Amino acid sequence: MNTKEEALASPQRPEFDELDRRIVLATQAGLPLVARPYEAVALQVGATETEVRQRLSAMLDCGLVRRIGAGPNHYAIGY
């Protein structure tokens, strides 16, 4: 089994529910470029900032999410 398959089959893998799905959809293009990006995502998905941080961290730890970061719009910032 490769690493991705192992992560998906792992007993440590958290349950992926509707809130997780909304968090992934809200962050798939990157985190918002605001002072409190996790708070902005939380407001968008109907959760608390702490809950968003915990769920993203759990998804990162088990391999459901590969990385967390900002995705700047290069045209908007002049590049």
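The accessible surface of the chain in this predicted model comes to about 5900 Å², and carbon and sulfur atoms account for 51% of that area. Of the 79 residues in the chain, 25% are buried. The secondary structure consists of 4 helices and 0 strands, so that, read from the N terminus, the order of elements is α-α-α-α.

| Element | Residues |
|---|---|
| Helix 2 | 18-27 |
| Helix 3 | 37-45 |
| Helix 4 | 49-62 |

Within helix 2, the buried residues are Leu19, Asp20, Ile23, Ala26 and Thr27. Because these residues cover an arc of only 130° around the axis, they lie on the same side of helix 2. The buried residues of helix 2 pack against helix 3 and helix 4.

The largest nonpolar core has 13 residues, of which Ile23, Val41, Val45, Val52 and Leu56 touch the most other members. Helix 2, helix 3 and helix 4 are the elements that give two or more residues to this core, and helix 3 gives the most, with 4 residues. When neighbours within four places in sequence are left aside, Val41 is in contact with Ala26, Thr27, Leu31, Pro32 and Val52. In soluble globular proteins, nonpolar side chains tend to be buried together.

Terms used. Residues are numbered from 1 along each chain as its sequence is written. This is a predicted model: local features need pLDDT of at least 70, side-chain atom pairs count only at pLDDT 80 or more; totals for chains, interfaces and linings use all residues. Side-chain values use heavy atoms; hydrogens and water are left out. Buried means under 20% relative accessible area, exposed over 50%, partly exposed in between (1.4 Å probe, protein chains only). Accessible areas come from the Shrake-Rupley method with a 1.4 Å probe; for residues, only the protein chains shown count as cover. The arc is that of the directions from the helix axis to the C-beta atoms. Contact means heavy atoms within 4.5 Å. A nonpolar core is a set of buried Ala, Val, Leu, Ile, Met, Phe, Trp, Tyr and Cys residues joined through side-chain atoms within 4.5 Å.
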